[in-house]
Amino acid sequence: MKRSFIVVYAFLAFLGFSRLNAQIKLDENLLGAAQKGLAGLTFSDADAQKLSKTTVDKLDSEHTIAGPTDPYTIRLNRIFGKYTNGYGMTLNYKVYILKEVNAFATADGSVRVYSGLMDVMDDNELLVVIGHEIGHVVNKDTRDAIKAAYQKEALIQGAASQSRTIASVTDSQLGKLGSAMIDSKHSRKQESEADLFAYDFMKKNGYDVNAVESAFAILAKMGEGKQADFFTRMMSSHPEPKERSENAKKKAQSEGLYKPYVRQLPVATAAKPTTKTATKTTTTRTTTKK
């Protein structure tokens with residue numbers, strides 16, 4: 001009798017182990033299928049634009065936005081309003097009331113400029129930074145960035161499948177995608193191409209191309225002295241601005257267009273937001289881009 005019990009226990013243990021092993025094997029197969037489905041995911045320009053728009057809407061809801069009569073908005077309209085149609089898209093733009101020196105653009109044509117950037121740059125320098133960000137959109141860098149961020153988040157959350165379509169994302173995932181868009185790290189080649197786009201944008205529209213050198217020189221200056229620690233955190237994901245300033249100078253010299261840039265004083269803009277989309281302002285690692 002005792003021997004019979006031992007045989008039964010052994011059989012049950014073996015059966016349990018087999019089931020466990022089968023379950024592990026099944027989980028591995030499912031994960032493999034998810035990875036394959038994600039790797040083969042069809043991610044079109046339209047997908048990038050739709051996902052970017054949804055993500056930017058969430059970012060807008062979490063930031064204080066300068067209203068239509070705010071000096072920041074009036075200034076940005078004056079500087080940039082005439083350039084909202086072009087490159088096969090309609091650009092939309094807003095000012096975030098934040099002290100950080102930053103601006104970003106996304107695959108759907110959304111341009112967001114921080115009030116801190118407007119406080120330290122004159123009109124031409126501001127156009128350089130915005131032009132650079134638009135360059136990333138035109139060159140498809142923002143499309144690739146949102147795709148990479150989505151793929152990473154979808155894989156982590158198990159949202160990928162073999163359907164080869166974009167899965168819906170949660171509110172939490174949108175938050176992570178938003179941070180990824182703001183902090184996106186482009187390659188040196190992509191940054192150089194976006195810098196060139198900004199230079200050509202200034203030249204094509206009759207602005208002083210030497211503002212490109214000046215804009216990056218301002219960022220380099222911010223990395224010195226008492227602001228160094230703060231600025232180092234800000235610029236941790238972006239190339240060295242001093243090198244980019246020198247490259248812009250060399251290009252202007254090669255075209256016979258170089259002359260020392262005379263900065264204009266930034267227009268005085270007291271922050272008077274009339275549209276507050278949220279009482280909470282998100283804290284993000286921000287950088288003036290690229």
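Below are my notes, in the order I took them.

**Ground rules.** This is a predicted model, so I note that local features need pLDDT of at least 70 and side-chain atom pairs count only at pLDDT 80 or more, while totals for chains, interfaces and linings use all residues. Residues are numbered from 1 along each chain as its sequence is written, and side-chain values use heavy atoms, with hydrogens and water left out.

**Entry 1: charged pairs.** Side chains of opposite charge can pair when their charged atoms come close. How many salt bridges does the structure hold? I find 16, counting a side-chain nitrogen of Lys or Arg within 4 Å of a carboxyl oxygen of Asp or Glu.

**Entry 2: Asp60 and Arg112.** These two side chains form a salt bridge, at 3.0 Å from N to O. The pair links distant parts of the chain: Asp60 sits in helix α2 (residues 45–61) and Arg112 in strand β6 (residues 110–114), 52 residues apart. I take helices (H or I, at least four residues) and strands (E, at least two) as DSSP runs, numbered from the N terminus. My cut-offs are under 20% relative accessible area for buried, over 50% for exposed, and partly exposed in between (1.4 Å probe, protein chains only).

**Entry 3: Arg263 and Glu125.** Here the salt bridge is 2.7 Å, N to O. Arg263 lies in the loop between α11 (241–254) and β7 (275–276), and Glu125 in helix α5 (residues 123–138), 138 residues apart. Arg263 is partly exposed at 39%, whereas Glu125 is buried at 0%.

**Entry 4: two more.** Glu255 and Lys251 form a salt bridge, with their closest N and O atoms 3.2 Å apart. Glu255 is partly exposed at 30%, and Lys251 is partly exposed at 26%. I also found a network of salt bridges linking Asp45, Lys140, Arg143 and Asp144.

**Entry 5: helix α3.** Which residues of α3 (residues 71–80) are buried? I list Tyr72, Thr73, Arg75, Leu76, Ile79 and Phe80. Seen down the helix axis, they fall within an arc of 160°, so they line one face of α3; the arc is that of the directions from the axis to the C-beta atoms. An α-helix has 3.6 residues a turn, so residues three or four places apart point the same way. The buried residues of α3 pack against β4 (92–96), β6, α4 (115–120) and α5, with contact meaning heavy atoms within 4.5 Å.
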